Amino acid sequence: MAAERSPGAAVAATKTVNKSKARTGTGTKIGASLGISASEPSIAEALSIASFALLSMTSSVAIAAQRDSVAENPIGRDTQFAAVITTDEAVTSDTDETDPAEIDAALLYYLEQDRVTVAEGIFNLKLPVGDKRVYEGKLVLDTLTGSSANGAVPQDERQTFTRPSGNGEYNIDSGNTPLDDTFKDTRVQLSGNWAEIWSPDWSSNHGLYLSREYDYTSMGINSALERSFNKSNTQLSLGMAYYYDLVDPVGGRPVAMSKMVFRDDFDSQTEFRTEFDKTRQIASTDKQTVDLSVGLTQIINRYMLVQLSYNLSSLKGYMTDPYKVLSLVDASGTSEAYLYESRPDERLKQSFYLFSKYALSTGVTDLAYRYSHDDWGVSSHTFETRYRYNFTSTFFGQLHLRYYRQEAASFYRAFLNSGEELPEFASADYRIGNMNAYTLGIKIGHSLVDGTKASYRLEYYQQDPYSNGEQATGQLAHHELYPSIKAIIFQLGLSF
Amino acid sequence: MIFGTELIRSLAFLVCFSLTACAGLGVEPWQRDQFAREDMALDSEKLDLTLDDHIYFSKEGTSGGRALAGGGCGCN
């Protein structure tokens, strides 16, 4: 693997080492203070180099590494952060204008059984200036390949679907959930953030956001103002964000509830194309989002803090999934046609979030609950907890559990019956249907000899959609209409 | 919308109540050692949380809550 390292990674690795040596001999100090024997650095370095190589090969992120003094001063890094809560009392150790940059990088693989695979690289640069200002920049790259459910139901017969572009078809064998294998997308996301502590009581946060993929562009701004009370034990924050998204689906936007056309039903490609184009609107469209949030953070005692927040999100514009269809079935459950889905162009979402974090002598535990509700009828309960156990001062293990339960949107339909009048809005996208989901994860993290921190996370995520009471007519009764989705998540993280 | 108004009203009450009630909670400046621990920082797992938010945003019908819902992408 080392032989395949890119020049970027090699330079980055060299830079890290040089930087470590340049900084007042901290390497020796860390080694001594952590009780690391002479034989261990080679394993640690090998891990470090392997991690660099993996990151640079898969995400092409050139890591310009700089390390900070966290290892020698365990509270050094988060003093900056703790300052948010302890603005007047916290004594920050960094007083010079050119504090070292902090770099966090992670590489994530998300692998669904028989479906989508996502590789995502994330690179975060944090630049503290003095002890009152922090600039942050983030780059995210992700690529998606594989298949995703197109919304149609399984059938006894083999099914054929026209691709979203109108060029070609794909076939689904009898009994199988129809999956569209057309999707291959790459996304780039850039964001910047400026945090400033204006006085012992006031601080602010401002950010810019840009995300670009083949058929979708999102641009956003966000601002938050924070006020501390009660010897900085209480903090109230008010935030808002605005996003403007441009949607330009492959093959154009389908006309809502129009029928999919097939090449085989026409004598010539020209005739097919003329009919296909009638189901499409070519011009791109947009979506706007306004988010508002109010948050309260309260230190309860020396070991515990609690956060409470309320979010309101108003969306307007195109929210239909242009690649999803619904099966229109007859009394025997046999598909007569596939209709392109249709969703409302307004949505008002609200959520209430409660979080608490406890310091234990051997680690940390946290607990979160979220209730969400929107005017599409989708509501959810989420419970999440993490338990971290510090085996040594440089090595920890963590357990992560998450449970999610969702109630379907009022217009969610697993299929449509041909005898009934067509509704104005309908979607068979299981993601807005009834669902239970579980996550079980473990993570281990350790500090390398040069102060770099590495972590490895492995999680299992399962979604179990369930019926909202629709009667499975005819042949649908013996098909799996709500298949579970199983995914493995693996993440490698590095902090310098 | 009635649900929304009621929720906002009860939230406003809750915030006011908390601010008064919270005056008795908390620690003195010299008792913040636990909160200065790196593993107690609220952003100690920032990248994990960002990545998780992206996964759940793409795979589930509701999102956000922890902070502002974050930027859009075509994944949902």
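In this predicted model, strand β15 (residues 304-317) of chain A pairs with strand β18 (residues 346-360) of chain A in the antiparallel sense over 13 bridges. Strands are DSSP runs of E with at least two residues, helices are runs of H or I with at least four residues, and both are numbered from the N terminus. Two strands count as paired if DSSP finds at least two bridges between them. Within this pairing, A:Met304 has A:Tyr358 in β18(A) as its bridge partner.

| Strand pair | Sense | Bridges |
|---|---|---|
| β14(A) and β15(A) | antiparallel | 14 bridges |
| β15(A) and β18(A) | antiparallel | 13 bridges |

Chain B has 2 helices and 0 strands. Of its 76 residues, 45% are buried (20 or more other C-beta atoms within 10 Å of the residue's own, with C-beta atoms placed from the backbone).

The contact between the chains takes 72 residues from chain A and 43 residues from chain B; residues are in contact if their C-beta atoms, placed from the backbone, lie within 7 Å. On the chain B side, α1 (2-22) and α2 (46-59) each supply at least two residues. The largest share, 8 residues, comes from α1(B). By class, this side has 20 nonpolar, 13 polar and 10 charged residues. Nonpolar means Ala, Val, Leu, Ile, Met, Phe, Trp, Tyr, Cys and Pro; charged means Asp, Glu, Lys and Arg; the others, Gly among them, are polar.

Residues are numbered from 1 along each chain as its sequence is written, and chains are lettered from A and ligands numbered from 1 in the order in which they are written. As the model is predicted, local features need pLDDT of at least 70 and side-chain atom pairs count only at pLDDT 80 or more, while totals for chains, interfaces and linings use all residues.

Conventions: A residue is buried if 20 or more other C-beta atoms lie within 10 Å of its own, exposed if 12 or fewer, and partly exposed in between; C-beta atoms are placed from the backbone. Two residues are in contact if their C-beta atoms, placed from the backbone, lie within 7 Å.
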